[in-house]
Amino acid sequence: MIVKNKLFLFTSMVFSCAIMAQQKTIPNDTLIVTNHKVTINNKTIPYKASTGTQPVWDEKGEIIAALHHTYYERTDVKSNQERPLLISFNGGPGSASVWMHLAYTGPRILKIDDEGYPVQPYGVKENPYSILDVADIVYVNPVNTGYSRSVSTGDGEVDTSKFFGVNADIQYLAEWINTFVSRHNRWRSPKYLIGESYGTTRVSGLALALQNRQWMYLNGVILVSPTGLGIERDGAVEAANRLPYFAAAAWHHKVLQPELQAKDLDVILPEVEKYAINDLLPALAKGGFLNEVKRREVASKMAYYSGLSEQSILRNNLDVPVSFFWKDLLREKGFTVGRLDSRYLGIDKKEAGTSPDYNSELTSWLHSFTPAINYYLREELNFITDIKYNMFGPVHPWDRSGNNTGENLRQAMAQNPYLKVLIQSGYYDGATSYFDAKYTMWQLDPSGKMKDRLQFEGYRSGHMMYLRKEDLKAANDHIREFISNSITEGKPAKY
């Protein structure tokens, strides 16, 4: 009996060691190709999907990472030489490319309801509004997102400083894009970058890095729910800029005063924007030296536009944090509102407090996206691996120093007369608000000489405006128009 136990113990130890020795890895350089069809705007579009990994090399020519990507090409065209190429990134940093891939521009989208809420059974369906009819698309997962992973060096260590920072991220991705464009013979194609959230920081920096380090010139950059891009808006500007978003969210939840609630959102927002810039900003700039009469007048007007109580606003010294707004707007009704999309409701443990317990919109989205991307890549695109798909990967600490990406984008535009920029924002986004996006656009080119190449579009949804069916169609149509308007055949690139 003792011998049998010892034999069992020995066998178990050997088996365990063998399992431990078999580390989960993903091929550094591989591609799986499948063929499909999709109906876009009532026309059948055949396409092939290529999904796999492409290496990142260091300055010594050694592989330091493998980036997973999915590339869609329309196959009923004679040549792709003049066909636009859209290179797509999501944000975080640390977020996979799944969001725009399976909900916005790609040929397949989530099975969700018309307002973007999850439904079961989970899965994907055709995207009738995909821009694949006018452009080929590649969705890229930076290191540690999706299936992308770093590769340890000979000593078993990974130098994360090569990946995890504003400028490191831009540098290695610019090199990766160069390789991708060369491998797929797309140098002659009009090229576009699209980024969402932190992805806008990424693509703004890439616009200049591709020009100045890779000698690759773009036709367009699309900023979806943009970040600040290193453009300062602290203090009174930051506080004043919140009010238009507050008004939009309050209007959606029908908590404004009846005479204001009766107006359409398109009427209300210009009115609130004007007040924020012309009245609220100067008042906030005076801080504690604002006289009491004016202070109460401002609090009253803010309450009128935000749906919050005048008392709550005064207690915050007119500088109402967004987290407090999410907690307080529907406090009396027992709900919180979402951060990235304030249409979504949450339930906290207690109604007291200054911020919600969780992000109600994000938990809702993960319901839909996580099962769908895992099923779709494995069962429809045949990319099979035991590596976990990181919806949000470990990329911290992230070096945010030296963020001059807004200036990078301005300089890229100045150097390249062809380059145009489209900004898309949801009115109910409380993380990267639409009015902050407008402010960023205004400050991007202080000279005003390139403002005719900057375009803003707003939508009645949140951070991922495309989850709402009506906005999915409108936003994709805006990209189609943007691509069409940014291709000027035979026109020289000069001022």
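Guide: Asn382 lies in the loop between α11 and α12. The model is predicted, and in it Asn382 has a positive phi of about 65°, although this residue is not a glycine. That is worth a remark because most residues other than glycine have a negative phi. The side of the question that concerns solvent can be answered too: with a relative accessible area of 40%, Asn382 is partly exposed.

The peptide bond that joins His396 and Pro397 is cis, with omega about 5°. Most peptide bonds, in contrast, are trans.

Each of these two features has a counterpart elsewhere in the chain. For the positive phi, turn to Asn185, which is not a glycine either and has a phi of about 55°. Asn185 sits in the loop between α3 (166–183) and β9 (191–196). Its relative accessibility is 59%, so Asn185 counts as exposed, the cut-off for that word being over 50%.

For the cis bond, turn to Gly92 and Pro93: the peptide bond from Gly92 to Pro93 is cis, with omega near -5°. Pro93 belongs to the loop between β4 (85–89) and α2 (98–101).

Definitions and conventions: Residues numbered from 1 in each chain as written. Predicted model: local features only at pLDDT ≥ 70, side-chain atom pairs only at ≥ 80, totals over all residues. Heavy atoms only, no water. Helix = DSSP H or I, 4+ residues; strand = E, 2+ residues; numbered from the N terminus. Buried < 20%, exposed > 50% of the residue type's maximum accessible area, 1.4 Å probe, protein only.
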